[in-house]
Amino acid sequence: MEHSRPGVTPTSVPESARSPGGDAGDVALAAAGDAAAFRRLYEAHVGRVHSLARRMVGCDHADEATQDAFVRAWRKLGSFRGESAFGTWLFRLAVNVMLTRRAQLATRRGREVVDDELLAQQPDRVRSRGLGLDFETAIVALPEGARQVFVLHDVEGYTHEEIATLLGVTSGTSKAQLHRARMLMRRVLAKG
Amino acid sequence: MTGTRVTGGDHLDQDLSAYLDDELGAAGRARADAHLAACAGCRDALAGLRDVVATARSLEDRGPATDLWRGIERRIAPPPPLPFVLPPRAARRPPGRLRVVRQFSFTLPQLASAAAIVAVLSGGGVWWAMSGARNAGVAATAPDGAGAAGGMGATAAEFEVRRYDAAAADLERVLDQNRGRLDPETVRTVEANLAAIDAAIASARRALAADPANPYLSGHLAEQMQRKIRVLQRAADAVTADYTGAS
């Protein structure tokens, strides 16, 4: 399923990074081992994948998670059947990479990354950098489950049913986490 | 059900999000509207949530501050010649410890699956099945002395390929799940090997789809499958050793 986000400007792709055949041509070339074609795909989609990574795993881990997603995509290109757009396929794969990484990070730390109190402090740290970044920083500071659902639902447009499948929870849990996240983010906007 | 929880006297709480997302039934929405008309606190909260959702939907994507391609390119580059070398298990153990806590979590069924497929495929089973099925009557010599065998039906070949796919997928999934616990250099080496092999397999499969009777392509595909199984087998061997405590 395609997830479009109203109002979102796609990451600009340099003309030099585009191939005449578009994604489909580059996907075929990359699946045959053409790294240059895969680089064009990377250039076209890295903005969206990296934004997802920043929001789901935080800035400290976003670069590595983004690289993981593209390496995984390279390995899995043979399984891409073209039933959806390449970007959709890549994004779903990236979501799974991010969820796995989040689980690993949470396991290492043995706790939720931040609590509500820390979230409340976030806007003051970055206020001078603009509302968008304040908001993004606050997203990263959301409690684990709430952040995942908030990013997937309100930013990326997934349904509760899709999120429930991805996260292995019920749609009721997804709804509850979404509301929790929104209420916390409301405090952020109120402070801004 | 969210839509049934709205009552005239309570604050809306989670139903605010359901209201915002139009997930309340008609009756629930009517009750919520009635409550909102009378409750400034809930109206204020609803307005705040609307701002949150609108802001979330207006976020723009932006790329990384630094070019990440170089790191990706390194990881997808053709690997060094096989066999790759896993770090000695002893080197991964903290000094002074005789036993290391198991780093992997393969289940016994997964190990059994890996062992079974390795037993079948490492002896040239896929090549044998495929060449037999696709090229009945074509004389050929299988790698590793497995021998050519005509008369093997297409069903058997497809079965072997399916077994290969399933076993490889199982092992890949487990390796993915455990990658955070693995030595990063080992993960990169395994990934680099697998990436190159996967690309070769995909290419061979496409070529074979266009020319199913080509014995060279059958053999080439089987070789690539065997290469992949060997890589996975070495990882599985290391896992098995840790799993069983063998030294």
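Okay, let's start with a crossing: helices H3(A) and H4(B) cross in a right-handed way, meaning the near helix is turned clockwise from the far one by less than a right angle. Helices here are DSSP runs of H or I, at least four residues, numbered from the N terminus.

Who touches whom? Gln67(A), Phe70(A), Val71(A) and Trp74(A) meet Gly71(B), Ile72(B), Arg75(B) and Ile76(B); contact means C-beta atoms, placed from the backbone, within 7 Å.

Before going on: this is a predicted model, with local features needing pLDDT of at least 70, side-chain atom pairs counting only at pLDDT 80 or more, and totals for chains, interfaces and linings using all residues. Residues are numbered from 1 along each chain as written, and chains are lettered from A and ligands numbered from 1 in written order.

Zooming out, 42 residues of chain A contact 36 of chain B. On chain A's side, H9(A) gives the most, with nine residues.

Now H7(A), residues 144–155. Its 11 buried residues out of 12 mean that it is largely enclosed by the rest of the structure; buried is 20 or more other C-beta atoms within 10 Å of a residue's own, again placed from the backbone. Among them are Phe150(A) and His153(A). Just after H7(A), Gly157(A) takes a positive phi of about 85°.

Note on methods. Helices (H or I, at least four residues) and strands (E, at least two) are DSSP runs, numbered from the N terminus. Two residues are in contact if their C-beta atoms, placed from the backbone, lie within 7 Å.
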